[in-house]
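Subject: Structure for you to look at

Hello,

Here is the structure I promised to pass on. Please open it beside this email and follow along.

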Amino acid sequence: MIDREQVLHIARLARLRLDDQEVERMAAELSGILEHVEAIGELDLEGVEPTTHVVALENVLRADVPAPSLDRERALAGAPDSASGSFRVPSPQA
Amino acid sequence: MSAELVPTIGLEIHVQLLTRTKMFCGCELEFGAEPNVHTCPVCLGHPGTLPVPNEQAIESAIRIAVALGCEVAPRSGFHRKNYFYPDLPKGYQISQFDVPLATAGRLGGVRIHRVHLEEDAAKLSHVGETGRIHGSGASLVDFNRGGTPLVEIVTEPDIDDPAAAREWLALLRTTLRQLGVSDVNMEEGSLRCDANVSIRPAASPELGVKTELKNMNSFRYLERGVEAEIARQREIVESGGAVEQETLHFDPAGGTLTPLRSKEYAHDYRYFPEPDLAPVAPSAAAVDAARASLPELPEQRRDRYEADLGLKPEVARRLAFDASLAAFFEEAVTAGSASAPAALANWITGDLVALARERGLEPAATAATPAAVAALVGLLAAGEVNRGGAREVLEVLVRDGGEPAAIVDRLDLGAGDPDELAAIVKRAIEEDADAAAKVRAGEGKAIGALVGAVMRETRGKADGGEVTRLIREQLDL
Ligand SMILES: [Zn+2]
């Protein structure tokens, strides 16, 4: 069971602000997910390789050849603020 | 005093790989470019984009791993390391976690814990107050660097003093440079080093609580930072306190260490497998090929200098661990068939390095060519110039270059004709029969008067050892 404290901790890590109602809802939903995973954990999976992909591919690589980059104006167009050709953000040290 | 407290040091090194493009996208890598001219939806972390690993980066990382004697994992994968910071547009860094690319290596007597691949963060510059919100500053983000292939090398805590840490990092840099996989330039940030430092009573097998030191972006700062941290920890322990686990920032200006403001939950990275990337599974044949294609590395070079060229261990190490010095030495050995490698090595690591340093240069950057240095050492070995004269010639070579034999003539430093020297010795013995008799009678010190007379006669150009030899020979000793 995920408690209120844990939900707030995870929310903080994810930079999410939750109101009390949402905290309660998330506690229930996250607990449900964990219970489901615990159920899987009860299966005997001895000798079964972990799967992180739905397809059994490996070494999907790209040659080290340059591709065109974005024009700077286009790259910066998505920024909430820009200056001197850069993305301007509030200082993380402030 | 505190002799019973011993330090333990482990290093974590980040190396930017010298590929043409980034780790997961085709944006070009260019140091010092205008900000944000090498970005794309992948390295800007736009939703829906997919990373594809750079084959050359993986090859270079494997090359590093085998050069460090590591075992390359037959199959490793990428994970997401989650944290929020403006230099990380996706909210996570793609890195490796439970199964790194390689483990269990060794370099210069220090065990390598792991070698893994990841992507670099963007560059943040803090520009101070914006005026909009009092007391807050703004930062500018340049994503050119974001996504640069990085190899992280983590050592075991096998280093026991700051100078050794510095020397080991220099060996690593030479090794990596030899591999051609990175610029390994600490000032430009293509080689970065953090250190884990702890102290413990010498008798205790258990390591003390460690602190992590950041921002030691030069060899000197690494040594000074670790020194300062050991001193700080000693003081805490000796006054009965306990060292706290924390991350410290080294300020080279004041030589001080400041704790980084503890970002709450900073170490809760919630790693999970990166679902957008397939595992990396290098074939055994590819790893073998990487191993077979390694150039001669500094440690092997040192062993060869000792075994084949008869250099003393310390001289062999100094040459072999400095790629540019080693190249100079080897060129000189090739050029100077007449000179013994050991004598050449001594001149290069001794007088030449010292003279070059006076001018703020490496020997290779001075006017002295390897061939000229070899020729000079040859003249010295043949007795055509003495040690003092040779040193004068070397000074001229470092400053102006030129041909040693011609410089010897021009400065009139020649030791002269061996027959002529023998005649001068004969005359000195005849003129000071008293001293000669004393030397014959076994009064060793008396030979000084005879040597002095010969040196006066040759205006200091004769080789002192050769003069002594001739005197003893003529006195039938
Ligand atoms: Zn890109």
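Below is what was found where the two chains meet.

Keep in mind that this is a predicted model.

Start with the overall contact. On one side, 35 residues of chain A take part, and they touch 53 residues of chain B. The area buried between chain A and chain B comes to about 3700 Å². Carbon and sulfur atoms give 56% of that area. In chain A, the residues that lose the most area to chain B are Leu13(A), Arg62(A) and Asp64(A). Together they make up 19% of what that side buries.

The rule finds two salt bridges across the interface of chain A and chain B. In a salt bridge, the side chain of Glu58(A) meets that of Arg75(B), at 2.5 Å from N to O.

Which elements of chain A supply at least two residues each to the side that touches chain B? They are helix H1 (4–13), helix H3 (72–77) and strand E2 (86–90). E2(A) gives the most, with five residues. By class, this side of chain A holds 17 nonpolar, ten polar and eight charged residues.

Last, look at E2(A) again. It pairs with strand E8 (residues 137–142) of chain B. The sense is antiparallel, over four bridges. To find one of the partners, go to Phe87(A): its bridge partner in E8(B) is Val141(B).

Best wishes

Methods: Residues are numbered from 1 along each chain as its sequence is written. Chains are lettered from A and ligands numbered from 1 in the order in which they are written. This is a predicted model: local features need pLDDT of at least 70, side-chain atom pairs count only at pLDDT 80 or more; totals for chains, interfaces and linings use all residues. Side-chain values use heavy atoms; hydrogens and water are left out. Contact means heavy atoms within 4.5 Å. Buried area is the accessible area (1.4 Å probe) that two parts lose on being put together, summed over both. A salt bridge is a side-chain nitrogen of Lys or Arg within 4 Å of a carboxyl oxygen of Asp or Glu. Ala, Val, Leu, Ile, Met, Phe, Trp, Tyr, Cys and Pro count as nonpolar, Asp, Glu, Lys and Arg as charged, and the others, Gly among them, as polar. Two strands pair if DSSP finds at least two bridges between them.
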